[in-house]
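Please load the model in a viewer and keep the selection panel at hand.

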Amino acid sequence: MKLESDSMCQENSSNSSDESQPSRCDYCLFTASANRKGEPEELLTCKDCGAKAHPSCMEYTKLLYEKYPDSQNWQCPDCKTCIVCEENNSTTDLLTCYTCFNAFHMNCHDPAITTKPTGIWLCSSCDTTVDKDKMAKTKPKLNATDLKSEHMAYSLTNPFHKTLEEYPTTVPIARKWTIENVEEFFKFIGFEDEAPAFREQEIDGLSLLLMKRNDVLTGLGIKLGPALKIYKHIVTLQTRIGDN
């Protein structure tokens, strides 16, 4: 019995010792009291997986260190999500800005990035060398007048155009939309290059409301960034799938 008691005491002592151990950085294995340079440095804690890291182990600038002092919003590299699509399904093309720490998929960034950069990378908002005027010269969002000038099938008095102008404040009922309506809708909300894909696949309103996430991401032949944004609009339209 004494041996058993001693064993239990040793086990309890071991558990107590483990619980009292200070948290360690998952990258250098040092504690907050002394990082790899022997200097005290608070640990960041990933809000998703709980991983811990010294800001210096993440090679953060002083600005980033001050931005995440309590680690409430911090994500480790494995959990980091794109600020545009809020997905981390493709970490191979996920870039993190060295200044603001926002992450972007290469296709989600504006403008889109075709070649993965090396070394320190800055997003377009933080890179002072980016020509902001040039970036602003994107294709204008189509409105009802634009649609008429391009000889679309509907006049300005058509109720369909009214639903376009009221979106997204009012979500339209898309169940009876024609293939042309679907294409026109996505052109109107800014997806001029991607909208023809719906016509090519002969997707009308009812088909649109039945589309799943994978249908949009892989079935339309469009880039991932725009596809994710388009799917969010489809989900919005699907909220009225049961309305007449």
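The stops below cover a pocket, the aromatic pairs and a loop proline in this predicted model.

**Stop 1: the second largest pocket**

Begin with M58, Y60, P77, T96 and F101. Of the 21 residues that line the second largest pocket, these are the closest to its centre. The volume of this pocket is about 520 Å³.

Next, select residues 94–96, which form strand 3. With three residues, strand 3 gives the most to the lining of the second largest pocket. Colouring the lining by class shows 14 nonpolar, four polar and three charged residues.

**Stop 2: F104 and W121**

Over the whole structure, a search finds five aromatic pairs. For one of them, select F104 and W121, an edge-to-face pair with 6.0 Å centre to centre and 70° between the planes. The angle counts as edge-to-face because it is over 60 degrees.

This pair links distant parts of the chain, its two members being 17 residues apart. F104 belongs to strand 4 (residues 103–105), and W121 to the loop between strand 4 and helix 3 (132–136).

Are these two residues buried or exposed? F104 has 12% relative accessibility and therefore counts as buried. W121 likewise counts as buried, at 12% relative accessibility. The cut-off applied to both is under 20%.

**Stop 3**

Move to W177 and F185, whose ring centres are 5.2 Å apart. Their planes stand at 45°, so the pair is tilted. W177 is buried, with a relative accessible area of 8%, and F185 is buried as well, with a relative accessible area of 1%.

**Stop 4: P111**

Finally, return to the loop between strand 4 and helix 3 and select P111. P111 is partly exposed, its relative accessible area being 43%.

Conventions: Residues numbered from 1 in each chain as written. Predicted model: local features only at pLDDT ≥ 70, side-chain atom pairs only at ≥ 80, totals over all residues. Heavy atoms only, no water. 1 Å grid on protein atoms, 1.4 Å probe; cavity = no way out; pocket = protein on both sides within 12 Å on 5 of 7 lines; lining within 4 Å. Points joined across faces, edges and corners; volume = space filled by probe spheres on them. Helix = DSSP H or I, 4+ residues; strand = E, 2+ residues; numbered from the N terminus. Nonpolar A, V, L, I, M, F, W, Y, C, P; charged D, E, K, R; others polar. Phe/Tyr/Trp six-rings, centres within 6.5 Å; stacked < 30°, edge-to-face > 60°. Buried < 20%, exposed > 50% of the residue type's maximum accessible area, 1.4 Å probe, protein only.
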